[in-house]
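Open your viewer and switch to the cartoon display. This tour tells you what to select and what to look for at each stop.

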Amino acid sequence: MDTPKIIVACGTGGVTSKNIGKKIEAYLAKRGVACDVSTCRILEVKSMSKSLKPVLVASASELPALDVPTVRATAILTGVGAEKVFEQIYEIVAAE
């Protein structure tokens, strides 16, 4: 089985997406799930999603319509409700 791919997008593809991505990787690792996280700008997410074929796309910003599950990951940055978002991500990734 291939390692599930996750894309994390933000406005600039920089600090915010990398921060969320590292937290997602750490959470899934604690649950025994390896994943491959890539980051990008919101403007790149459609094309990147087509080429990488991720199991999900997460973002703290609004995403365009995609053919894969999406998760609003603002809570991962704020910490308020983060566990619920992490669990949602785990359920999507574990179902693959």
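In which loop does Lys-53 lie? Select Lys-53 and look along the backbone on either side. Lys-53 lies in the loop between α2 (45-52) and β3. Keep in mind that this is a predicted model.

Stay on Lys-53 for a moment. Its phi is near 50°, a positive value in a residue other than glycine. Most residues other than glycine have a negative phi. Lys-53 is exposed, with a relative accessible area of 63%. The cut-off for exposed is over 50%, so a value of 63% qualifies.

**The whole chain**

Zoom out. Count the elements: the protein chain has four helices and four strands. Follow them from the N terminus on, and they run β-α-β-α-β-β-α-α. The radius of gyration is 12 Å, close to the 12 Å that the globule rule gives for 96 residues, so the chain is as compact as a globular protein of that length.

Along its principal axes, the C-alpha trace spans about 35 × 30 × 20 Å. Show the surface again. The accessible surface comes to about 5,400 Å², and 52% of it belongs to carbon and sulfur atoms. Of the 96 residues, 46% are buried.

Next, think about contacts along the chain. Take those with a separation of 6 or more: residues 24 or more positions apart account for 54% of them.

Select residues 5-10. This is strand β1, which is mostly covered: five of its six residues are buried. In a regular strand the side chains alternate between the two faces of the sheet.

Six bridges join β1 to β2, and the two strands run parallel. Click Ala-9 in the pair: its bridge partner in β2 is Cys-40. How does the chain get from β1 to β2? The chain crosses through helix α1 (residues 15-30), and this β-α-β crossover is right-handed.

Find Ile-7, which stands opposite Val-57 in β3.

**Cys-10**

Select Cys-10, in strand β1. Is Cys-10 buried or exposed? At 4% relative accessibility, Cys-10 counts as buried. The cut-off for buried is under 20%, so 4% falls below it.

Show the residues around Cys-10. Not counting residues up to four places away in sequence, Cys-10 touches Thr-16, Ser-17, Cys-40, Arg-41 and Ile-42. Now draw a distance to Ala-34. Cys-10 and Ala-34 are 24 residues apart in sequence and 22 Å apart in space, C-alpha to C-alpha.

**Ser-17**

Move to Ser-17, one of the residues that Cys-10 touches. Its place is in helix α1. Ser-17 is buried, with a relative accessible area of 0%.

**Ser-59**

For the last stop, select Ser-59 in strand β3. Ser-59 is buried, with a relative accessible area of 0%.

Widen the view. Leaving aside its neighbours within four places in sequence, Ser-59 is in contact with Ala-9, Ile-42, Val-71, Arg-72, Ala-73 and Thr-74. Pick Ile-42 from that list and draw one more distance. Ser-59 and Ile-42 are 17 residues apart in sequence and 8.4 Å apart in space, C-alpha to C-alpha.

Methods
Residues numbered from 1 in each chain as written. Predicted model: local features only at pLDDT ≥ 70, side-chain atom pairs only at ≥ 80, totals over all residues. Heavy atoms only, no water. Buried < 20%, exposed > 50% of the residue type's maximum accessible area, 1.4 Å probe, protein only. Pairing = 2+ DSSP bridges. Right-handed = clockwise from strand over helix to strand, strands pointing away. Rg over C-alpha atoms; globule rule 2.2 N^0.38 Å. Contact = heavy atoms within 4.5 Å. Areas by Shrake-Rupley, 256 points an atom, 1.4 Å probe, with all protein chains shown as cover.
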